Structure formats: structure tokens, C-alpha cells
Amino acid sequence: MDLIPDLYRKEYGKMVTVLCSRFGMAYMDIAEDIVSDTFLSAAETWGMKGVPSNPVAWLYAVARNNALNYLKHDKVFEKRVRKDLIQGGERSFEMDIDLSGQNITDSQLQMLFAICHPSIPVEAQVSMALRVLCGFTIDEIAQALLTSKGNINKRLFRAKEKLRAEEVEIAFPEGGAISARLDTVLVYLYLLFNEGYYSASVDKVLRKDFCLEAMRLTYLLLGHPPTGKPKVYALMALMCFQASRFDARIDDSGELVLYEEQDTSRWDQELIDRGSHFFVQASGRGEISKYHVEAAIAWWHTHQVAEQEKWENILRLYNQLLILEYSPIAALNRAYAFFRVYGKEKAIVEAEGLQLTGNLFYHSLLGELYTGVDREKARQHFVQALALAGSEAERAVLEKKLSNN
Amino acid sequence: MKEFALIFRTSTPTEPAPQLTPAQLQEMMTSWSNWMGGIAARDMLADGGHRLGIRESKTVAPGNVVTDGPYTEVKEFINGYIVVKTPSVEEAVEIAKACPMLFGGGKVEVRPLVAPDDNS
């Protein structure tokens with residue numbers, strides 16, 4: 001029965017976040033222990049007595065009781081947390097644990113802002129949010145990020161130490177600080193989405209879950225007025241447009257399907273429509289962020305119009321995106337769009353000007369551009385790309401190109 | 001990396017030139033977009049700069065003398081600029097050589113940005 005893993009995924013993060021925001025960041029380990037104990041009791045009790053009619057309510061009630069018991073009986077906890085709470089002006093020992101929907105949402109948003117604290121390295125932010133906010137297990141995180149469990153544990157440990165040392169509060173930053181921190185939060189959410197979207201991990205379900213979690217958290221930001229900014233709507237639109245192709249870009253055997261070869265009937269029209277809806281809300285308020293431009297690029301990718309028109313628009317948007325902010329991947333995508341509009345010879349000049357030797361996508365793009373133009377150069381670039389490829393799926397695509405060259 | 005301003009000079013005081021057809025305007029926009037995008041794609045764009053307008057422009061001279069427009073005494077005037085970052089002036093000049101300005105009868109002036117501590 002998958003009930004418990006499913007609930008764990010959905011509820012673990014919410015419960016830890018609420019408890020942690022009640023106790024303070026320094027006691028995250030205790031919050032995690034309480035929630036883990038709760039799931040342990042669930043496994044035992046439900047196994048013996050059957051599953052309660054409302055399992056989520058059961059979990060919340062037990063977590064709440066466990067937390068209150070901790071408050072009353074745990075010596076360490078009593079000395080530390082209660083003392084801190086009293087010093088913080090809390091008079092009531094019978095403090096409450098509010099597991100209402102609204103408080104869960106608020107706590108999750110506040111935790112998101114806390115984790116995106118500038119003192120935490122971005123790698124650690126990703127692992128931390130996946131664990132604490134989204135409830136992925138250490139195993140799952142390690143698998144999706146293609147690293148070891150030990151590494152993830154180290155990152156989490158360091159992030160917690162940092163949060164403790166910096167005395168980061170689980171609260172929205174004050175006044176103007178919220179919009180400064182919002183940019184970091186958006187970078188983080190887009191990164192989380194991309195970890196799912198582009199991850200080389202073979203577990204398709206898990207990867208999709210990462211994307212959905214990123215979308216869920218972005219959606220929470222939209223529901224909170226100080227953070228419901230045009231750029232947040234734009235990011236949400238971007239995620240919808242990208243996610244609409246999730247099923248089309250990986251075939252049943254887990255291999256990557258290149259954009260040109262995707263079965264367009266597997267594009268999710270409903271997500272495209274949702275994306276358009278968010279994009280309308282992102283627009284017309286005088287702000288054009290890089291997320292607006294990227295969402296527009298993604299929109300053109302989801303539309304089946306004449307190739308020339310599509311790629312001219314995509315090229316123009318990549319120009320605009322790069323003028324806003326340079327990134328190697330945008331530069332490479334621009335060179336590809338340049339090829340689609342002006343042909344291989346001109347695109348080779350643009351691509352070689354990028355000087356990104358040692359970048360997997362640089363070599364695979366040049367391999368592609370030289371195919372049919374200069375066979376030897378195409379081969380050299382594909383071979384270099386192959387040496388840089390990290391996953392089986394990437395290697396398979398490149399080997400196919402090399403053998404067709 | 002050094003920074004250079006590429007300053008666009010032209011002698012046609014119109015914005016945009018009214019004799020152009022919509023297709024030509026589109027082409028002009030595309031060539032500017034590709035030129036700027038190409039600089040940015042090589043991570044050589046330090047500042048996207050600005051176009052400078054004609055309407056509502058004045059020149060102020062000593063003695064409360066205010067005249068219309070930037071084009072009182074010069075035949076050429078500046079209509080925009082960007083800032084690039086390149087290893088030396090030669091690369092900045094190479095970038096300028098491909099500027100769409102040159103194909104519309106204008107010129108591009110390449111000038112180094114002077115750092116605050118540079119007294120040379």
C-alpha cells in the first residue's frame with residue numbers, strides 16, 4: 001500500500017515547517033524527529049487497527065500531541081525551547097500548534113524565505129527545501145541530484161548550522177527586504193523546477209514531483225499579496241509552458257526525445273492554457289523580468305505555427321533575454337535559434353564566437369551545426385560532447401548523432 | 001576586461017526615419033536585436049545603454065540660452081549608446097564594425113570609460 005509514502009511526501013514538509021516555525025529554526029531537528037515519530041506511530045497503529053477515515057487529520061492530531069508532550073516532558077526541550085519562548089514574551093506553557101491550512105501556507109512561505117537566506121549556499125538551499133518543505137527523503141534527493149546520501153546529509157547539516165549561527169528567523173523579511181529576498185526565492189524555485197525538468201536521473205515520477213513542488217510553492221507566492229508580483233506570475237507561466245512538454249520529452253524507456261521529434265499530441269494543452277492565463281496576469285504592469293522573456297520563449301515553443309515565424313520570434317526573445325542577463329545556456333539557445341532562422345553557416349560563426357569550450361551543450365550544438373557542413377569537425381565536437389555527457393540519456397542521443405554523421 | 005562606450009552618431013534627425021516601410025522598420029529592428037544579442041551572447045555587453053530622443057530635447061548654453069534640439073552647431077548628433085566590455089579597444093572596434101548604425105548612414109564612436117581612479 002502506497003498510502004504512507006504518499007502522505008509522507010505530501011504532509012511531512014508541512015508538519016515540520018509548522019512545528020519548526022513555532023519552535024524556531026534552531027530546533028528543526030526536534031521538529032523533524034516529532035514528525036518522523038508521528039509517521040512511525042501511523043505505520044504501527046494503522047497496520048493494527050486499520051486506516052482512520054481521515055488519515056491527514058489523524059497525523060496532524062498525533063503530531064500536535066507529540067509536540068505538546070515534548071514541550072511538557074522533554075528535559076532538553078524544556079530547558080531550551082521553553083526558556084527561549086518565555087524570553088520571547090510567551091507566557092503560556094500550553095502553547096498551541098496551529099495546523100490550519102492558512103498557517104501551513106504561511107509557515108511554508110516563511111520557511112521558503114528563511115531557507116533562501118543569502119548565507120546558505122544555493123546547493124544547500126535546494127537540498128534543504130526539498131527535505132523540509134517538500135518532504136522528499138534523503139534517498140530521493142540524492143538520486144535526483146545524482147549525488148550520494150552522504151553529500152546530501154552534509155549539505156543539510158551545514159545549512160542548519162548556518163541558519164542557527166545566523167539566527168535566521170522563520171518570518172517574512174521586513175518591508176523592503178521582502179522584495180530583495182523574493183529574487184533569491186524565485187531563482188531557487190526556478191532551479192528546483194529545472195532540477196526536475198532537466199535532471200539526468202532516470203526516475204521520471206520523482207523528477208515530475210520536483211517540478212510540481214516548484215510550481216506549488218510558486219503558486220503559494222501568488223496567493224500572498226506582497227509576493228504576488230508580475231515576475232512571479234511570469235515564472236508560474238514559464239513553469240506551466242515548460243511542464244506541458246514533460247511527458248513528450250521523455251519516452252517510455254526513459255530516453256530524451258528532442259524537441260523536433262516530440263509527439264505534439266502529448267503536450268499538455270491544459271497546462272498551456274493555465275500558463276497563458278498566468279502570463280496575461282504577469283503582463284501589462286510595466287515590468288519585464290527575465291521570467292517574462294523566458295515565458296514568452298516557452299510560449300512560442302508550445303505553439304505550432306510556421307517555423308520561420310516561430311524561430312524569428314524565439315531569436316528576438318533570446319536577444320532580449322541576453323541583453324537583460326547573460327547566461328551560457330541562453331547564449332547557446334540563441335545560437336540554435338540563429339541556425340533555425342539564418343542557416344548553419346551563419347550560426348557556426350555566432351556559436352564559435354561564444355568561446356564555451358568544455359561546455360557539453362556548446363560541443364553538441366557545434367556538432368549539430370557542422371553536420372552536413374564539415375563532417376570531421378562535426379565528429380570532433382560530438383566526441384568532445386560525449387566525453388562531457390553525464391547521463392545515459394544524453395550519451396544515447398549523442399551516440400546516435402555520431403553514428404548518423 | 002575594459003569597458004568602452006559605443007556612441008552612435010547620425011545626421012538624420014528623425015526617429016525613426018519616416019520614409020521607411022513597415023518591412024524595412026522590421027528589418028532594422030531585427031538587425032539591432034541580433035547585433036545587441038550577439039554582443040550579449042559573448043558576455044561582452046556591460047550596459048544596454050539608451051537611445052536618445054529628439055523630441056523635447058534642448059541645449060543649454062551659458063547665459064540662460066536655451067535652444068531646441070541637440071543639433072544647433074553640429075551636423076551630427078548622438079542618438080544612443082551602449083557599453084561593451086572587451087579585452088582591448090580592438091575587439092570593441094570589431095563589434096562596432098557590425099553595428100546597424102553604419103548601414104543607415106551613421107557612425108560609431110568608440111570611447112573608453114574612465115575609471116574614477118584613472119587620472120591619465
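1. Let's start with helix H16 of chain A, residues 344-352, whose buried residues are A:Ala347, A:Ile348, A:Glu350 and A:Ala351. Buried here means that 20 or more other C-beta atoms, placed from the backbone, lie within 10 Å of the residue's own. Looking down the axis of H16(A), these buried residues fall within an arc of 165 degrees, so they line one face of the helix. The arc is taken over the directions from the helix axis to the C-beta atoms.

2. A word on the source: this is a predicted model, where local features need pLDDT of at least 70 and side-chain atom pairs count only at pLDDT 80 or more, while totals for chains, interfaces and linings use all residues. Residues are numbered from 1 along each chain as its sequence is written, and chains are lettered from A in the order in which they are written.

3. What do the buried residues of H16(A) pack against? They meet helix H15 (328-342) and helix H17 (360-370) of chain A, together with H1 of chain B. Helices are DSSP runs of H or I with at least four residues, strands are E runs of at least two, and both are numbered from the N terminus.

4. On to the contact between the chains, which takes 11 residues from chain B and 11 residues from chain A. Two residues are in contact if their C-beta atoms, placed from the backbone, lie within 7 Å. On the chain B side, H1(B) gives the most, with 7 residues.

5. Within chain B, strand S1 (residues 2-10) and strand S5 (residues 77-86) pair in the antiparallel sense over 9 bridges; pairing needs at least two DSSP bridges. B:Ala5 stands opposite B:Val83 in S5(B).

Key
A residue is buried if 20 or more other C-beta atoms lie within 10 Å of its own, exposed if 12 or fewer, and partly exposed in between; C-beta atoms are placed from the backbone.
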